[in-house]
Amino acid sequence: QNEKFTKNKQIWIRIYEKKKTEQGYKLIQNFFRVREVYDNKNLQDLYRIRVIDKESNYNALLLEKKPKNSEKIFLKYRAVTLRCQLDAMFQLQKRPSKINVPLLKLIMNKYFAGWPEIELTDVNKWFLLTEDDREGIEKQRKFVKLGVSTPDFAILEGPPGSGKTFSICELILQAIKRNERVLLCASTHVAVDNVLEKIKDHPSVIAIRIGKDNVSEKVRDCQLDQIEHSESRKIKNRLLRKKKKGQLTPSQDYLVECIESGKTKIISDIFLEAANLICGTTIGILKHPEINYRSTIQKTTYDYLILDEASKTTFQEFLVPALFAKKWIIVGDYRQLSPYIDPEEIEGNLNGVLHIDFEKICTNIFESYFFSQKFKNRVRQWKNQLIIEEDQELRDYYEQQAQFLNLNCIKIEDKAVNILELLAAQVIIGSHDNLEQIEDDLPINIHLIRGECNLNRFLRRREYWIKNFHSKLNSKDYKEERNWAYQLAWRLIRAYETRVTQENNQYYMNQVEGLYPHFSILDDIKNQTDSLKDFVIKKVDLVKRIALPSIIESIQKGVKKAKNQKYSYILSDGFDEEVLKERHVLLEYQYRMHEDIAKFPSKYIYEGTALKNSKKTNRDWEYPRYSGRLFWVNTFGAKDEDENSNISEVQNILNELQHFIRWAEHNQKKEGKIWEIAVLTFYSAQERLIRKELQKFFNTRKGRYFRYPRKNISIELCVVDRFQGHEADVVFLSFVQTKQTGFLNSVNRLNVAITRAKYQLVIFGRYYFYEKRVNSKLLRNLAQYCKGNISYPKYKRS
């Protein structure tokens with residue numbers, strides 16, 4: 001144990017799972033997604049232990065104290081989100097209210113929905129949008145007028161730094177001026193708090209922040225718990241002073257007793273009723289007493305639901321708060337990050353779609369197909385497979401599947417086999433008895449063996465060959481048989497993430513096609529029913545249409561019709577162009593980045609339609625180290641073979657950080673503020689590595705935030721997916737990959753990564769790979785864009 005940890009009573013523990021659950025799903029993975037665990041099955045606060053740090057590669061957790069139970073720890077499964085979504089669907093289906101009419105129109109025949117025309121209301125006084133000469137101000141004002149005037153919904157779309165938050169603030173103030181109530185939601189705490197910080201001190205705003213965790217320090221005084229506690233204390237002190245004078249009424253005396261006994265809900269109810277702005281994340285808002293408690297589901301209504309970061313919110317997440325609002329204002333950018341979808345959630349919905357034998361057929365044949373696609377332009381790699389199957393019918397299915405995917409397949413029957421055909425086969429299928437007859441002729445360089453193999457002479461020869469020539473074949477990756485549902489799930493998610501770029505999307509869709517069953521079942525042929533493939537595609541499409549699209553895409557473009565869908569709905573087909581045009585505003589100007597940083601995403605991601613530069617944005621500074629505002633630091637070291645980390649990039653980041661800190665100490669930012677630096681990466685393994693090096697460098701145990709006012713800097717370390725909605729003066733971006741594209745082939749993710757910096761963006765990566773060899777056109781364009789702004793530091797082997 002580290003002495004520092006021991007003094008703080010913190011302790012690293014390694015956890016093991018006693019029993020693995022079905023379908024290869026590991027319960028243990030859930031322990032690396034929570035912030036707290038329990039050392040008792042009762043799951044009460046008394047037994048709660050905070051998780052300080054996690055190392056999922058080693059199944060290790062750093063806990064704030066040693067658990068009393070040395071054999072088991074527990075976690076709490078929170079089903080409130082799912083329950084509220086089910087309740088909302090039931091409400092809409094069985095007992096909708098008058099304010100739910102716009103929601104009902106989304107799921108009725110679109111030709112009978114009838115969306116009324118909108119006449120924009122004039123605004124007499126602007127609170128925040130007061131600069132008449134600023135570029136883009138008219139679009140922002142148009143959105144506010146549209147939000148006030150629409151009877152059902154409005155959409156504000158804008159790229160990073162385009163003033164979406166500012167426009168939301170103006171709309172809220174205009175709504176409050178009209179004595180209307182607003183429910184503000186977003187998928188992240190940052191988006192909610194950014195809005196609240198700007199308007200909470202306005203005299204007309206009575207704001208309440210729902211939720212406890214990850215709330216910004218600047219808005220803590222708006223939290224419902226804090227208000228309840230502080231106001232209870234004030235009321236109690238005032239009433240006690242009256243009690244001393246003998247002036248208390250019986251009802252006031254009862255109120256004092258309630259407060260002293262902890263029954264303060266009545267106070268929170270008063271403030272919830274009086275508040276004109278309720279804020280929370282799409283999940284955190286479920287802690288609102290009247291949203292969480294199903295019997296009072298229709299007591300509270302709001303004039304507006306404003307949903308920020310709608311690109312990260314699914315329809316079912318949007319549905320719960322939307323039930324309580326007369327109209328909804330959807331704000332976001334579908335070119336930024338999509339909703340986070342856990343592959344295991346998709347897997348859970350796909351489990352059982354295929355019979356276990358058919359799953360094995362699809363998975364086993366796909367492994368050979370995947371290798372054939374991966375190495376099709378290279379010298380033949382060992383990718384052949386031996387499948388031992390006793391059932392004649394299943395062997396036929398294996399053969400059909402392999403033939404459809406254009407694999408060289410040979411099925412061993414009683415007849416003699418040509419040895420050359422055997423050596424050239426990518427898939428060899430047979431029963432144990434038939435294979436035993438040709439045991440001595442089987443190729444020893446077989447990559448995968450599926451089924452129970454008792455061919456001892458063949459196994460001995462193969463083991464000798466592996467030991468002496470191909471030790472890599474002993475890797476666990478080639479021993480485990482992967483789950484069909486999981487294989488399909490993560491590829492569906494990656495295909496959706498890369499939907500903007502056809503080449504990357506097609507790569508994953510080809511793999512999805514390879515996992516579908518392409519063999520004909522006799523029962524289906526006799527009964528003239530849909531083929532097995534059609535049945536699976538129906539199920540997969542249903543999951544895709546529900547789980548993957550964001551609400552902003554669902555209502556603009558639709559989630560695509562089901563195969564046998566008779567009518568057109570808004571959710572399946574999207575709005576008609578006339579209706580959408582009347583209720584949609586696109587912000588074109590950006591006010592965050594220096595123009596040299598904004599030029600690339602404007603040209604290659606937004607195709608010139610957005611991210612235009614405002615003359616009001618001043619990003620002048622005198623830091624002399626870089627020749628351009630978008631700069632590339634070349635790294636020669638390779639990515640770690642076992643995990644997504646790159647030590648040479650970390651060394652270069654620390655080097656650049658030291659240079660900037662020395663400059664920042666003597667060059668304070670304007671208005672006396674400190675310089676904000678963000679160190680971003682696409683991978684959590686690289687984040688952990690950078691964190692360890694930063695902790696050594698600053699001699700601290702801090703996690704993600706390093707603040708040093710004396711040096712005029714603050715540093716935030718984060719993965720790109722968590723940084724949407726944030727910004728920083730300087731961004732150091734680590735690419736990590738040196739042989740394949742990985743997460744970087746998602747245009748949405750890359751867009752978020754390169755649009756966070758105000759003054760300077762520095763990219764760390766192997767330049768030659770991204771300029772010449774990467775399979776993403778956007779990344780090649782980015783490397784070309786940086787040509788002339790590159791440094792080549794000397795590589796120090798670690």
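1. Buried means under 20% relative accessible area, exposed means over 50%, and partly exposed lies in between (1.4 Å probe, protein chains only). By that rule 11 of the 14 residues of helix α6 are buried, so α6 is largely enclosed by the rest of the structure. The buried ones are K164, S167, I168, C169, E170, L171, I172, L173, Q174, A175 and I176.

2. The ground rules come next. This is a predicted model, in which local features need pLDDT of at least 70 and side-chain atom pairs count only at pLDDT 80 or more, while totals for chains, interfaces and linings use all residues. Residues are numbered from 1 along each chain as its sequence is written, and side-chain values use heavy atoms, with hydrogens and water left out. Helices (H or I, at least four residues) and strands (E, at least two) are DSSP runs, numbered from the N terminus.

3. Back to α6, which covers residues 164-177. The expected span of a helix is 1.5 Å times one less than its number of residues. For the 14 residues of α6 that gives 20 Å, and the end C-alpha atoms are 20 Å apart, which agrees. N179 follows α6 and has a positive phi, near 60°.

4. Helix α5 (residues 137-149) passes the same kind of length check. Its 13 residues should span 18 Å, and its end C-alpha atoms are 18 Å apart. Buried in α5 are I137, Q140, R141, F143, V144, L146, G147, V148 and S149. What covers them? The cover includes α6, α25 (577-583) and the strands β5 (153-157), β9 (302-308), β10 (325-332) and β15 (584-586). Contact here and below means heavy atoms within 4.5 Å.

5. Now the helix pairs. Two packed helices are described by the angle between their axes and the distance between the axes. Axes are lines fitted to C-alpha atoms, for helices over the stretch in contact, and angles run from 0 to 180 degrees between N-to-C directions. Angles under 35 degrees count as roughly parallel, over 145 as roughly antiparallel, 65 to 115 as roughly perpendicular and the rest as oblique. A crossing is left-handed if the near helix is turned anticlockwise from the far one by less than a right angle, and right-handed if clockwise.

6. Helix α2 (residues 80-94) packs on helix α12 (residues 315-322) at about 65°, with axes 9 Å apart. That makes the two roughly perpendicular. Their crossing is left-handed. From α2, the contact uses C84, Q85, A88, M89 and L92; from α12, it uses Q316, E317, L319 and V320. By class there are 6 nonpolar, 2 polar and 1 charged residues. Ala, Val, Leu, Ile, Met, Phe, Trp, Tyr, Cys and Pro count as nonpolar, Asp, Glu, Lys and Arg as charged, and the others, Gly among them, as polar.

7. Helix α8 (residues 224-244) meets helix α9 (residues 250-260) at about 135°, with axes 10 Å apart. The pair is therefore oblique. α8 crosses α9 in a left-handed sense. S232, I235, K236, L239, L240, K242 and K243 of α8 face Q252, D253, L255, V256, I259 and E260 of α9 in this contact. The residues split into 6 nonpolar, 2 polar and 5 charged.

8. Helix α26 (residues 595-604) and helix α31 (residues 777-785) pack at about 150°, with axes 11 Å apart. They are therefore roughly antiparallel. This crossing is right-handed. D596, K599, F600 and Y604 come from α26, and L778, N781, L782 and Y785 from α31. The classes are 5 nonpolar, 1 polar and 2 charged.

9. Some loop residues deserve a look. Leaving aside neighbours within four places in sequence, H726 contacts V190, R592, E716 and R756. K41, in the loop between β2 (36-38) and β3 (48-55), is exposed at 67%. The C-alpha atoms of K41 and I73 are 8.2 Å apart, though 32 residues separate them along the chain.

10. Last, backbone angles. Most residues other than glycine have a negative phi. N406 has a positive phi, near 60°. N406 sits in the loop between α15 (392-404) and β12 (409-412) and is exposed at 70%. K560 also has a positive phi, about 80°. K560 lies between α23 (551-557) and α24 (570-573) and is exposed at 65%.
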